[in-house]
Structures are given as C-alpha cells and as structure tokens.
Amino acid sequence: MAKLKIAGTWVGVLEVELENWSIPMLREEVAKRSNMLPQNVNLICAGKVLKDGDGSENLSQLGIRNNAKILATRLSVEEGKSLKDELMAEEERSSRISRIKAAATALVKRHADGSLPVEDFDLELEDQYGQKIQFGSETDRRAMMMGLMLHANAKSLIKREMYRDALEVLTMGEEAFSLCNPKVIELVDNVPILQIDMVWCYFLLQDISWLSVAGVRLERAREGIERSHGKDSSRMRLLQGGRHPELALYLRMELLEGVVAYHSGHFDESRKALTSAQAKFFQLQVPDEALSLVISMGFGEHDAKRALRISNQDVGSAIDFLAEEKAKREQQREDNEQRRREIMEQKKYGRTPLKKAVDLQNLKELVSIGFEKELAAEALRRNENDTQKALDDLTNPETNSVLQIHIESRKRKRRQQAADATIERLVSMGFERSKVVEACQDGVNFDQAMARLLEQPGSDPTCAANNSASTSASTPNNDSSSSLSGNENVEDTSTTVTNDIEERDAEMEGELANELTGDAFSDYDIEVAKEGEAISQYLAMLESAK
C-alpha cells in the first residue's frame with residue numbers, strides 16, 4: 001500500500017494501491033472525507049490538474065508515486081461550467097489534430113508519387129542550397145515529406161504557444177520519419193531537431209512526468225546532430241562558409257540537458273550544460289550598433305538580427321548572407337512561377353491511366369524531333385510516359401490518326417463546356433435562354449455573346465427575367481465517340497480536378513502548404529529570450545542548492 005498526503009478540503013493521509021486505483025476512485029474517496037460531491041472536488045498533483053479521463057489508467061501510470069502530495073480544492077458552479085467548456089475545447093482540439101494528419105497524408109499521397117497535382121504547386125524535397133533531392137524509394141519520399149510537413153506545422157503551433165497540440169503533431173511527425181530508411185535519416189538533422197522541439201514542449205508545459213523520456217530524446221538528438229553536423233559542428237562550419245546557423249539550436253539543447261540533469265539530481269552535470277548554454281546566449285546577443293548598421297542597408301529587423309547571429313556579429317558577413325538569401329528567394333519565385341505554368345500545361349493534357357502527369361521532359365524530346373506538341377502529349381499520356389511506346393504510336397499512321405481524332409473530340413468537348421458555362425451565366429443575368437443560345441453560336445466568348453444580346457431589340461435582362469423560366473432550348477450533345485481500343489481511362493482533366501477538390505480539406509491543406517516556406521535556416525531561427533530566462537533561473541537554483 002502507498003500513502004498519499006492530501007491537503008485542502010480534507011487534510012490527512014490516504015492509503016491506496018497505486019496499481020489498482022484510478023483518478024475517479026481517488027476523487028470519490030477525497031470527496032467522501034470532505035463531505036462533498038465528487039464533481040465538486042478538484043485534485044492537483046505536481047502542478048498538474050488530475051482529470052478522470054476514461055478511468056482506464058491507474059495512479060501509477062499517471063506518474064503518482066508513494067508519498068505524493070495532492071491538493072484538493074472546491075469547485076464552484078462557474079468552475080464546473082468552465083470544465084465543461086474545457087471538455088468541448090478538448091474535442092475541438094482533437095478534431096483539429098485529426099484534420100492535420102488527414103490533410104498531410106492527402107498532400108503527401110498526391111505529391112510524392114508524381115501524380116498530377118490538384119493545386120498549382122508541387123511539394124519537393126530540397127537541401128539547404130535549394131537543390132532538389134531525389135530519394136530512391138517512394139516510401140522514403142512519402143515518409144520524409146510527411147515528417148517535414150508535420151514538423152513545420154508543429155513549429156507554427158509552438159510559436160502560437162499551443163504546446164500540447166504541437167506535441168501531438170510532433171509525435172505524428174516522429175512516427176512518419178520512423179518509416180524512412182535509417183541510412184537516409186542519418187544524413188539529415190531534421191529528426192534530431194524534432195526531438196529537441198519535443199523536449200522543449202515538455203519544458204514549456206512544465207510537466208515533470210516526462211523527465212525520463214526527455215533525457216532519452218536529448219541523447220538521441222545529440223547523437224544525431226553530431227552525426228549530421230560533424231564533431232564540434234565541423235561539417236556544418238565547412239558547408240556554411242564559417243557561419244554559425246546552429247548556435248541557437250545548441251543553446252536550447254544544452255539548456256534542456258541542464259534542466260533534465262538538475263531534476264535528476266546531477267547538479268555538476270547540470271551546471272556544466274547550463275554554463276555552456278549561457279555562453280552561447282551571450283554570444284547570440286546582437287549589438288545595437290551592428291543591428292542599426294545592417295537595418296540602414298535596407299533590411300528588416302528580424303532578418304538583420306538573424307544574419308548577425310548566424311555570422312557571429314560580423315556585419316560584412318551578415319550583409320553577404322542577406323544578399324545571398326535575397327537572390328535565393330528571387331530564384332525560388334521564378335522557379336515556382338515556372339512550375340505553376342508547367343502544371344497548368346500538364347492539366348491541359350490530362351492524366352495518364354495511373355493518374356500521373358505527362359512528363360514534360362519526355363514531351364520536349366518528342367517535340368524536338370518534329371512531332372506536334374499536343375499530339376505527342378496525348379501519345380505520352382496514353383502510354384504512361386513511355387517515350388518509345390509513344391513514338392511507336394506517333395509513327396504508326398493508324399494510331400496517329402486515332403490520336404488526332406481524340407484530340408479534336410476533346411477540344412470540341414471543352415469548347416462545348418465553355419459555351420454551356422457562358423449560356424448559364426447569361427441566363428442567370430436574366431436573358432431569355434433561346435436568345436442566349438442563339439447569341440452563343442459560332443464559339444463566341446462571353447463578351448461577344450453579351451454584345452450580340454444587347455444589340456437585339458427588347459433585350460433588357462430585367463424584362464426577360466419574367467419569361468426565362470418558361471423558355472428553353474436544347475444544346476448539342478458532347479462528342480466523345482472516339483478512343484483508342486483497350487483504354488477505358490480517358491477522362492477530362494477539369495472533371496477530375498473538381499472531384500478531387502470535393503474530397504479535400506482544402507482549408508487545412510492550404511494551411512499546411514503555406515507553412516512550408518522553403519527557408520533552409522528556419523530550424524535554426526530561434527529567438528532565445530525564453531531560453532536566457534530559464535538559464536538564469538536554473539543557475540540561481542543551483543547556487544541555492546549549493
């Protein structure tokens with residue numbers, strides 16, 4: 001039997017079986033001794049409110065040990081209402097976390113396997129220099145994309161001080177990274193940084209129950225960072241031309257190592273880690289003169305601070321860094337715009353039977369030897385981008401003729417869709433349908449059809465609105481009679497995209513995509529004010545303990 005020291009509404013010692021008692025049982029016993037209803041008793045242990053949950057976890061699993069101190073307080077009616085609000089907020093939070101995971105999974109599924117994206121952008125893996133990274137396995141690509149996307153979302157949640165949410169998303173990110181080939185993971189520092197971010201959330205939540213797990217995570221993080229950055233950051237220094245982008249990250253890691261050591265009773269180890277972190281904190285303080293000088297060159301305060309920290313307060317190096325980053329952003333904008341144009345072109349050609357986009361490089365090769373672009377694209381589309389099979393179809397008079405017939409059929413279908421849209425738009429404005437259909441003959445656009453209607457006598461749409469309901473006219477049927485034999489996957493791109501959009505959580509997907517800035521230094525861009533306060537606090541506590 002274990003003993004729990006109760007204070008507050010009732011003072012005394014309770015003997016309980018930690019392995020068999022749950023929070024509801026404890027609450028009921030304290031309420032009985034306090035002459036209160038269980039729902040009016042609030043229990044607090046180690047600064048944490050004890051909640052009933054589903055009652056399946058025992059006290060031991062919740063971190064309550066022998067001789068633990070528990071404070072029992074009385075809940076008012078208003079506090080009871082706030083608990084209900086808290087439960088509703090918890091359900092909403094859980095729903096949002098589920099949406100994040102589902103949206104990230106959907107984005108990765110569409111972008112990792114070369115499928116034609118629904119959006120006007122692509123998700124691509126890049127190194128710190130903005131160069132695209134190609135993984136040998138689609139599983140590795142999916143795992144890495146998923147992990148990076150969830151990690152970026154978690155960092156956004158941390159900035160908004162939503163630490164519990166961030167911790168759940170980081171856990172999902174860790175799970176995604178674990179599916180990647182370990183040899184690939186060893187080459188990058190994303191997973192060690194994620195481990196540090198998880199421990200940072202533990203610290204900000206002030207939840208000491210995570211202490212043992214935090215120590216293990218920090219050990220893994222240090223091993224991983226040394227493996228990717230090199231001993232004493234030698235490889236990082238070489239790659240970054242002598243700059244120190246990782247300094248703030250090391251500061252946070254050493255602070256957390258010092259905190260874990262302190263609460264584990266290893267005071268000398270704690271002091272060593274915290275002293276090293278404090279030295280880095282002082283090194284990262286930006287002099288006002290240097291900051292003013294860089295800002296006067298036309299750069300923003302945040303960018304100027306980051307550049308000076310990365311450059312070890314060297315103004316010349318900081319300005320060079322900012323110029324390099326500006327050039328990278330401009331190049332990235334150009335590349336993104338070029339990719340948007342390519343995606344729009346690929347959507348025009350449609351998807352392959354396996355839902356892939358037409359390979360524009362293969363298309364360029366076929367066009368370079370004299371084939372008409374749209375014809376070559378259709379041949380590639382039907383042959384899953386196999387250049388040789390597409391070439392066979394293009395050089396065979398019979399299949400070439402079928403390809404041309406299909407392209408013309410598709411053009412007619414799209415023209416008809418555009419005409420139908422114009423007709424419906426004009427009818428919705430109040431024009432008589434019969435007159436609208438007549439005006440839209442000969443493939444005219446919306447403005448031309450409107451001009452024709454306005455030239456007709458008595459064509460005021462407000463008057464025509466009364467008659468439009470009783471007037472109708474038939475529209476030509478879509479011509480889709482021709483297709484290659486054996487290929488039943490011919491589909492119109494616009495219809496496919498619409499169906500995908502209906503099944504998407506576009507809002508959450510957009511939020512996740514916007515958090516992927518492409519900034520190679522975002523993981524190291526840490527404002528160290530909170531870290532500095534924590535270092536001073538724990539060093540003072542060490543002095544007090546001494």
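I looked up the second largest pocket and noted about 1900 Å³ of space in it. I record that this is a predicted model, in which local features need pLDDT of at least 70, side-chain atom pairs count only at pLDDT 80 or more, and totals for chains, interfaces and linings use all residues. Residues are numbered from 1 along each chain as its sequence is written, and side-chain values use heavy atoms, with hydrogens and water left out.

On a 1 Å grid over the protein atoms alone, a pocket is an open set of points with protein on both sides within 12 Å along at least five of seven lines, a cavity is a set of points where a 1.4 Å probe fits but cannot get out, and lining residues have an atom within 4 Å of a point. A volume is the space filled by probe spheres set on the points, which are joined across faces, edges and corners.

**Second largest pocket.** I find 48 residues in its lining, with Lys48, Val49, Leu50, Lys51 and Arg164 nearest its centre. Two or more lining residues come from each of α1 (23-33), β3 (41-45), β4 (48-49), α2 (77-112), α4 (163-178) and α6 (190-205); helices (H or I, at least four residues) and strands (E, at least two) are DSSP runs numbered from the N terminus. Helix α2 gives the largest share, seven residues. By class, I note 21 nonpolar, 12 polar and 15 charged residues in this lining; Ala, Val, Leu, Ile, Met, Phe, Trp, Tyr, Cys and Pro count as nonpolar, Asp, Glu, Lys and Arg as charged, and the others, Gly among them, as polar.

**Largest cavity.** I find two cavities of 30 Å³ or more in the structure. The largest cavity has a volume of about 100 Å³. Its lining includes His244, Pro245, Arg306, Arg309, Phe521 and Tyr524. The elements that give two or more residues to this lining are α9 (247-263) and α12, and α12 supplies the largest share, three residues. I count the lining by class as eight nonpolar, one polar and three charged residues.

**Helices α11 and α12.** I then turned to α11 (residues 288-295) and α12 (residues 301-310), which pack at an angle of about 125° with axes 9 Å apart. I therefore call α11 oblique to α12. In α11, Ala290, Leu291, Val294 and Ile295 meet Glu301, Ala304, Lys305 and Leu308 of α12, where contact means heavy atoms within 4.5 Å. By class, this contact has six nonpolar, no polar and two charged residues.

Notes. Axes fitted to C-alpha atoms, helices over the stretch in contact; angles between N-to-C directions. Parallel < 35°, antiparallel > 145°, perpendicular 65-115°, else oblique.
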